[in-house]
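My notes follow the structure.

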Amino acid sequence: MKSAVIVFPASNCDRDAATALERLTGNKTHMVWHRESELPEVDLVVLPGGFSYGDYLRCGAMASQSAVMRAVKAHADKGGAVLGICNGFQVLTETHMLPGALMRNADLKFTCRPVGLEVEETQSAFTRKYEKGQRVYFPVAHGEGNYIADDETLNRLEGENRVVFRYAAGDNPNGSARDIAGILNEKRNVLGLMPHPERVVDPLLGGVDGKGLFQSLIETLS
Amino acid sequence: MASITSEQVREHGLSEDEYKRILGLMGREPTLVELGIFSVMWSEHCSYKSTRLHLRRLPTKAPWVIQGPGENAGVIDIGDGDAAIFKMESHNHPSFIEPYQGAATGVGGIMRDVFTMGARPIAMMNALRFGEPDHPKTRHLVEGVVRGIGGYGNCMGVPTVGGEVNFHKSYNGNILVNAMCVGLARADKIFLSAAKGAGNPVVYIGSKTGRDGIHGATMASAEFDDASEEKRPTVQVGDPFTEKLLLEACLELMATDAIVAIQDMGAAGLTSSSAEMGDKGGSGIELNLDHVPQREANMTAYEMMLSESQERMLAVLKPGREAQAQAIFKKWELDFAVIGVTTDTNRLVVKHKGETVADMPIAALSDAAPVYDRPYEKRAPASGNPAFAKKPVLDSLKTILGSADMCSRRWIWEQYDHTVMADTVQRPGGDAAVVRVHGTKKGLAITTDVTPRYCKADPFEGAKQAVAEAWRNISAVGAKPLAVTDNLNFGNPQKPGTMWEIVAGIDGIGEACRALDFPVVSGNCSLYNETNGEGIFPTPAIGGVGLMADVNRMATIAFKRTGDVLMLIGDTRGHLGQSIYLREIEGKEEGAAPPVDLAAEKKHAEFVRTLIEKGRVDTVHDLSDGGLLVALAEMALSGDIGCEAGVAGTTVEAVPFFFGEDQARYVIAAPLDEANRIEQALRDAEIVHAIIGKTHDAKTIRIAGEGEAALAELRAAYEGWFPAYMAVAHEN
């Protein structure tokens, strides 16, 4: 699997994403600067965590207008896989590649801790290596991860099995509607999630629950 | 030109004698810009005029020290061509006035100190002291400081991996916010601030200059009074987004060979960066302020020279490299301007709108700055071993775990991204944090320590203890302690009693660092932490760094197995003077501070570290605040495994046995066979030790003759205090 990680000004999980991908694929990851208007030939594009453009205006809002995002949209339109983690998820909603929005955490505080997630949907390129209903632990680290959408959208997401990860009961760190942690687009080739799978691919760092996500992609896209 | 009035001199924080000295050095009356420059450069904050004489006595050398004090940060060799660069610095005064921005810019400032030397910051810590919890300002300050540290550090993408927090009324009017940054560089790519050579372009990079923070350094060198809140405009405003860009742009520029010298603009901004670079390089600097990128219209030379706008750097380039450097800063959308040139005059010359507004010998700002041997008056250290009542130890344990100083700090560190960079192998809550050196199996252990109540009782022993505790915390995770940075927070040095606390504190640090071969490689002094004449407890915070060869062989405090034998290493005499127990249970802050036996510290630490390095032990906790029982409780809560213990190997009574704060002690937990072998090794090494109990199946802590307490109940006390405290509505 060939992959690219987009680097916005003040992305800060770009290296972590690349490290995880390189560790699991054995291939070098392309780092793509936000001003680029073309992507290299890749199977997967990762929008990493961080504070793109300082999170000024709204998280992800400025990044959604960047040159590289037109190329990322084109990649997705052609069926290419896109993974948005944390700030990357925010960019995907701001770009309308995913529905809904991410608001300030309900308690108004940034929170960094491992959270329990239910893998709710395994029929996807991102989650096929997990068991349905499997409990995994990924860390969250965000101040604005409170997922919101209107009821119709939420019903539709659920009806189409596009809610891939849900916070385990009692472990919702941000007040997200229906405990939603990660969702797919209609074509199921774009995933956005607030928790960080790339931080749990090394046993020394508190677990390897994130490996399944990358291995699913490798199996599907290689 | 209008002549300088004695009122202007006073407003600039300069004494009459100092002004006379300025007249002598200049040979004429200074301009207002020059007076401003003297004011900041001769401030306590920039000149260390009260402490410099004493700081010289600190040990600063070791074979692994690449750069000791005097540069932006200290540098140590960590093998394989890697270097660790670190420093701790205070942002006390601004944080009290404007906690969010004060703490945020403190984080930003210390990060710049580290990356200006060529390092990528890889870990942050912070040592915080607040007033008593009931004080009306405390919640607001805690909330703002924590949010500020998180707001800046999280955006930078550097994990904040630990620190310490105390509450005490001595900080009611002066909180302490000390931030430590550790960075990683190649040992042969360290950048210094010496602006050598004449004719080299001086370039300004980063944010534009505004009117914020003017005279911040002077404010930080004065006591507070009731009107101090009016100083809010002297607090800088931080922009971590720009700092992140500045970090990446600087590292990109540093990968070229275009730089002669580089220095961040911290306290006293353009003034101190240019003066220090010229001073260290033995050159002169000529600046033309017309070229300084400005955020506001009509800024005067005085304002530009004294602005403490954040996220700025000054660099001296090799001639002809301007375009190459400019392209990098353009990519990162940062301001870049050639604002001057190095000269061979040894003078700082500042021009603005065709006029020379300052022309002064650089030596007048550095070597000729005043150094004071301030009078000090020794006070007898507090003494005696205070009386205590016999009370049930498990009840006391619960009270202590649920107290402001001893409860879990989770509420704080969960607001910090502590896992970004994907190398945090030991998170907050243990003895020391450990971050892996990216792409290797090496780890750096990092801790910050000081026990201010010991320092108040006995500044010399207390300072020794701060160093010893840092040494223990690093050893307890299995790393070899290498060097420290010190952040000396004290009251008004012009009071002989306070000056003695400073002198004794420095000498205590010196004695401990010498004995432990644990040199001081960087540091910062924050004096005048007084409000309305009341000084803080002496608080010489020590930031320690150690090296672990293999992060797979690391100890943590969490119990890992039931049936492990609990072994207490070190001599337990039941020292209750100045202990947490005495304060929280008996309501007394008295008695002698615990004496520190540096030979025992060294021997015990080396014994424990060797066990960890050999993979024989994975569960260790050093004993400090709260003594043995608090340590056992933390180990049990961390691993969610209970234990049973009793008084052993001594005639000391239960209360002092379980809560005494004797130094040089550790608890280790190991399976029976290994424990037997370790016990033999302890006997052979003639180290005092005792088998005190074991981990058990029940989720309880059982103490012989005292009953038991459920972990759930202890956890509720331990985890409950902070969220409950902060949930109370408070002024903002």
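**Two helices in chain B**

I started with who meets whom: in α7(B), B:P99, B:Y100, B:Q101, B:G102, B:A103, B:A104, B:V107, B:G108 and B:M111 are in contact with B:L141, B:G144, B:V145, B:R147, B:G148, B:I149, B:G151, B:Y152, B:G153 and B:M156 of α8(B). Contact here is C-beta atoms, placed from the backbone, within 7 Å. Helices are DSSP runs of H or I with at least four residues, strands runs of E with at least two, numbered from the N terminus.

I noted that this is a predicted model, where local features need pLDDT of at least 70, side-chain atom pairs count only at pLDDT 80 or more, and totals for chains, interfaces and linings use all residues. Residues are numbered from 1 along each chain as its sequence is written, while chains are lettered from A and ligands numbered from 1 in the order in which they are written.

**Where chain B touches chain A**

I found 21 residues of chain B in contact with 21 residues of chain A. On the chain B side, α8 (138–156), α10 (240–254) and β14 (424–426) each give at least two residues. The largest share, 4 residues, is from α8(B).

**Chain B overall**

I looked up the secondary structure of chain B and got 25 helices and 28 strands. Its C-alpha atoms fill a box of roughly 85 × 50 × 45 Å along the principal axes. Of its 732 residues, 62% count as buried, that is, with 20 or more other C-beta atoms (placed from the backbone) within 10 Å of their own. Among chain B contacts between residues at least 6 apart in sequence, 85% join residues at least 24 apart.

Methods:
A residue is buried if 20 or more other C-beta atoms lie within 10 Å of its own, exposed if 12 or fewer, and partly exposed in between; C-beta atoms are placed from the backbone.
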